[in-house]
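This report describes a protein model with a ligand. Please look over the sequence and the structure before reading on.

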Amino acid sequence: MPTPTAATQLLRTRIGKVCVAITGTTAVEMIEKASTVVKETPFLEFRLDYLDKPLNAIPKLKQFFADNTAATGIATCRREENGGKFTGTLAAEMEILCKAAVSGFHIVDVELESAEALKKGELQKLRDTGVALIISHHDFTATKDLDKIYERMAPFQPDLYKIVPTAKNLSDNVTLMRFMERMRDEANIIGICMGDAGIISRVLGLRAGSAFTFAAATPGEETGPGQIAARTLIETYRIDQVDAATKVYGVAGNPIRSSLSPIMMNTAFRRETVNAVYLALQTAKVSDLLKLVQEMPIQGLSVTMPHKQEIMAHLEKTDPLSAKIGACNTVLRAQDGKLYGFNTDVAGIIGPLEKRMSLRGAKALVLGAGGAARAAVFGLRDKGADVFILNRTADTAQKLARQSGSKTIKKEAVAKTEFDVIINATPIGMAGQKAAPLLEGKDLNTKLVFDLVYNPLETPLIRLARQQSIPFITGVEMFVQQGARQFEIWTGKPAPEEEMLRVVIHSLRQQAEAAASESSQEPDKTAGTKRKKAS
Ligand code: NAP
């Protein structure tokens, strides 16, 4: 363990687990945000490089620290070439940081490249103020040799080493976390992987030895790719409670950024006081996912597009329905360490239907012949329903019909046939999908409509059903049901379905509001210049 400096000792008593990045173009804007954030999280990073006039802003920020003595502040003025927004010289950066150091800030962040470019003694001038020093390094392209970066930093003997590579895949998180575990007794390291694939490191990094992690003040104010909002990190991921005993679960897919599974499953774990955390695992390759599973004690996975089929070959055993469907959306690591597969999409479709009707002999129309349609068709057939399939590509529909003992149907015949239920298992109606509806009002000759699409809450098909007073089931119900069954497979406890449903509906409404406000601001969006962001 290195000999702690006075600054390091001070830090031990002042730094929290989460540091919230505060941005703004004026001191007033920053202080307004900081004053809100500080009530919940007193550890703040002021991104001085976002300010129009950083030097002029410092007296006001000094006043903020005088008024908020419990607040701990990091001053960062990252230059453009290092991924920040500051366009001034290195000398100007140092002038700003020196002034910040005597104006109430407790820590200053100097990029490794800046430190290396400084003349001898200049960094010492900054340290003589008594401020603690972070030397940071950001790699926006990849996760390379982290030991080499550390070796470059070590001569500056900073109080904290901040090492922020980009995760190109899930395994890069393992590289960073293994590095931090090795260095735990050597130095105070802050380690985070940027990017969608780096979320694991943002949540589990503390457990691997990171001194703290960074968060955005609110969604939309991220200062680095993949950064999570403070409230989400604290309330959804319960980062304060993640410890060595916390079980890790996740949803693997590509893309996974807007998945609602993390908010739903973490809410369920919290509600049932299960010491577990559920992460978004962005990955393009099943091999990458398997490597992560080998390296980390992941207890269970939700598997989503496009990996539901490919994962099957890597499981010890699957349930009979998964084998028939050829797809699995749930993986459990059992006590023997082996991976077992289940398909809860089937239960997500069949459960809601059985609440409303008996499926034996029921006449069902399934639109689509992809993964969700296969779950619907095999699930319905398993319950004795008479199933008809309508799909854009007739061959695929015929193949599925043959495999499952169902029939295909032509579009023209739909209006003339009476169904007990029509199920949409295509993406038509999904937010952002422009394709024309498959069915019109006159085609809904059915007692029930089930749209598996869950975003938006009211799809065009559901609207049609509502207009014709046909009872309907929304995709949200399937989403919650498939998740609830996963929860039960993993924990052996009944899932808090109502709470899961509440949080999913709330999130979908929030997403819809955000999309509406974004589209109303569309012309302004193109006016700004795009810049790289660093964590
Ligand atoms: P998939 O495997 O890609 O299958 C998509 C199906 O939709 C295919 O049969 C495809 O027909 C058809 N299709 C796609 N675009 C079309 C278009 N423009 N016009 C007509 N048909 C079109 O996808 P999936 O996994 O089955 O998912 C389908 C939808 O189900 C998703 O978009 C999602 O909204 C919903 N889903 C919901 C849940 C939930 O929990 N609520 C779970 C899973 C899926 P071709 O064979 O001609 O390509």
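Lys33 and Glu29 form a salt bridge, with 3.4 Å between the closest N and O atoms. A salt bridge here is a side-chain nitrogen of Lys or Arg within 4 Å of a carboxyl oxygen of Asp or Glu. Both Lys33 and Glu29 belong to helix 2 (residues 27-37), where they are four residues apart, about one turn of the helix. Helices (H or I, at least four residues) and strands (E, at least two) are DSSP runs, numbered from the N terminus. Over the whole structure, the search finds 31 salt bridges.

The model is predicted: local features need pLDDT of at least 70, side-chain atom pairs count only at pLDDT 80 or more, and totals for chains, interfaces and linings use all residues. Residues are numbered from 1 along each chain as its sequence is written, and side-chain values use heavy atoms, with hydrogens and water left out.

The ligand sits in the second largest pocket. A pocket is defined on a 1 Å grid over the protein atoms alone, as an open set of points where a 1.4 Å probe fits, with protein on both sides within 12 Å along at least five of seven lines. A molecule sits in a pocket if more than half of its atoms lie within 2 Å of the grid points.

Around the ligand there are 22 residues, the closest being Ala369, Ala372, Asn391, Thr393 and Leu452; to count, a residue needs a heavy atom within 4 Å of the ligand. By class, this shell has 13 nonpolar, eight polar and one charged residues, with Gly counted as polar. Helix 15 (371-382) and helix 19 (475-491) each supply at least two residues of the shell, and helix 19 gives the most, with three.

| Residue | Protein atom | Ligand atom | Distance |
|---|---|---|---|
| Arg392 | polar side-chain atom | oxygen | 2.9 Å |
| Gly475 | backbone N or O | nitrogen | 3.0 Å |
| Gly370 | polar backbone atom | oxygen | 3.3 Å |

Taken alone the ligand exposes 920 Å², of which the protein buries 79%. These areas come from the Shrake-Rupley method with a 1.4 Å probe.

Several loops also deserve a look. Lys144 lies in the loop between strand 5 (132-138) and helix 7 (146-153), and the side chains of Lys144 and Asp139 are joined by a polar contact of 3.3 Å.

Most residues other than glycine have a negative phi, and most peptide bonds are trans. Gln157, in the loop between helix 7 and strand 6 (160-164), has a positive phi near 45°. The peptide bond from Met305 to Pro306 is cis, with omega near 5°; Pro306 is in the loop between strand 11 (298-303) and strand 12 (317-318). Asn455 and Pro456 are also joined by a cis peptide bond, with omega about 15°, and Pro456 is found in the loop between strand 19 (449-451) and helix 18 (460-467).

Notes: Polar contact = N/O pair within 3.5 Å; in protein donor to acceptor, adjacent residues only side chain to side chain. 1 Å grid on protein atoms, 1.4 Å probe; cavity = no way out; pocket = protein on both sides within 12 Å on 5 of 7 lines; lining within 4 Å.
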